[in-house]
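Please keep the sequence and the coordinates at hand while reading.

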Amino acid sequence: MSPVFSEFDRSAMQRALMLAARGLNTTDPNPRVGCVIARGERIVGEGWHERAGEAHAEVAALRAAGSQATGATVYVTLEPCNHQGRTAPCTLALTAARVARVVYALADPNPQVRGQGAAALAAAGVSVQAGLLEAQARELNAGFFKRMQQGLPLVRVKLAMSLDGRTALADGSSQWLTGEAARADVHAWRARSSAVMTGVGTVLADDPRLTVRLQEGVAARQPLRVVLDSRLRTPRNARLFEEGGEVLLLTTLGALDEKRAAALSERGARIETLPAHGERLDLGAVFARLAELEANEVLVEAGATLAGAIVRAGLADELLLYVAPKLLGPAARALVTLAPPGTLADAPGFAFLESQRIGEDLRLRLAPGQR
């Protein structure tokens, strides 16, 4: 039988979700978690997880509540942990504070620890309920859940196009197809990502930095910057190496020129080899490796060839598509490289998740697999 939750339960969990979102850009590789502690319908403490290695949301909220946590109800967006990681188990802190009830939105997605936190609390005499605002909590940590359950990160492919589906003029000119507000919005998506990935073709053509540049005062960390470079063609003087932060070049074993690799390593690149699929890197192996590096969300900012290959391989979880109110004509460059479908029924389909006006442009979020 499903638990019955009150209106206050729902509002307290909604507040916990709002707190969790404060860690959107900073908690990686940990999940975003918020916590509210209440006595009756009065909130006495709240907190959120800010960054890996620091206090979990429950511990931060317990500190705020102090002695008022005794006999209180704790609302937390993820099952409290019961294992020793960078910090001590949250279940120990909760039982030591003698809370009466814990309500959490979602079970821990790690199959090795799932349910253990709830079991430990129940064994200590704490009333435990789960499943409140589950969908909202899952959306906030979709990448963390996918990595834990499938060994792959959530892959979000960012694209920008004109009204007629073109990304650049025939000569490759694309700056600036979208407006300033849309470009700032892309930085917000970079900030929440574990890694930003591109192909060496984009590096050679556009020399991007791929860093996060947010407005002053907004907390963020620099994501891992990843270049797929099957023949190790990344220039030693690429702007990627001027910004600091970590740059990972993924190449194939056959392309590993020791002298060239040493020169790129001197510039700060980390170089790893992965299996090839034909003349290109095996994309499944690429994303599996990024998951091993604890990447929850990967933002792909690449040209039509790599973007098309990811879509064709069924590895894109979302398209983040910016539409500029411009027409570039049939000679301009296409959005993605795909084989022509035999019929309309064979064309890859997508479902609209969200549409939003961003300055002069329109931003669409789409999920593949719908027709």
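In which loop does L232 lie? The loop in question is the one between β9 and β10, and this placement, like everything below, is read from a predicted model.

**The chain as a whole**

- The secondary structure amounts to 11 helices and 18 strands, and the C-alpha atoms fill a box of roughly 70 × 45 × 40 Å when it is taken along the principal axes.
- The radius of gyration is 23 Å, which agrees with the value near 21 Å that a compact globule of 371 residues would have.
- Of the 371 residues, 49% count as buried, while the chain exposes about 17500 Å², with carbon and sulfur atoms supplying 50% of that area.
- Among the contacts between residues at least 6 apart in sequence, 71% join residues that are at least 24 apart.

**The five-strand sheet**

- Five strands make up an open sheet in the order β2-β1-β3-β4-β5, and the pairing within this sheet is mixed.
- The edges are taken by β2 (42-48) and β5, each of which has a single partner strand, so one side of each is left without a neighbour in the sheet.
- Neighbouring strands of this sheet are turned against each other by 15 degrees on average, with direction ignored.
- Helix α2 (residues 57-65) packs on this sheet and touches β1, β2 and β3 (73-76), its direction making about 140 degrees with that of β2.
- Strands β4 (residues 101-104) and β5 (residues 127-130) run parallel and are joined by four bridges; V103 has Q129 as its bridge partner in β5, and Y104 stands opposite A130 in β5.
- Together with helix α4 (residues 116-123), the strands β4 and β5 make a right-handed β-α-β unit.

- Six bridges join β6 (residues 154-161) to β15 (residues 318-323), two strands that run parallel, and K158 stands opposite L320 in β15.

- R156 is found in strand β6 and counts as buried, because its relative accessibility is 4%, below the 20% cut-off.
- Residues up to four places away in sequence not being counted, R156 touches W189, R192, E297, V298, L299, V300, E318 and L320.
- E354 is found in strand β17 and is partly exposed, with a relative accessible area of 28%.
- Its neighbours within four places in sequence left aside, E354 is in contact with R363, L364 and R365, whereas the C-alpha atoms of E354 and S174, 180 residues apart along the chain, are separated by 25 Å.

**Backbone geometry to check**

- Most residues other than glycine have a negative phi, and most peptide bonds are trans.
- The peptide bond from D28 to P29 is cis, with omega near 5 degrees, and P29 is found in the loop between α1 (7-20) and β1 (34-39).
- L210 has a positive phi of about 65 degrees although it is not a glycine; L210 is found in the loop between α8 (200-206) and β9 (224-228) and is buried at 3% relative accessibility.
- L232, in the loop between β9 and β10, likewise has a positive phi, near 55 degrees, and L232 is buried with a relative accessible area of 1%.

Conventions: Residues numbered from 1 in each chain as written. Predicted model: local features only at pLDDT ≥ 70, side-chain atom pairs only at ≥ 80, totals over all residues. Heavy atoms only, no water. Pairing = 2+ DSSP bridges. Right-handed = clockwise from strand over helix to strand, strands pointing away. Buried < 20%, exposed > 50% of the residue type's maximum accessible area, 1.4 Å probe, protein only. Contact = heavy atoms within 4.5 Å. Rg over C-alpha atoms; globule rule 2.2 N^0.38 Å. Areas by Shrake-Rupley, 256 points an atom, 1.4 Å probe, with all protein chains shown as cover. Axes fitted to C-alpha atoms, helices over the stretch in contact; angles between N-to-C directions.
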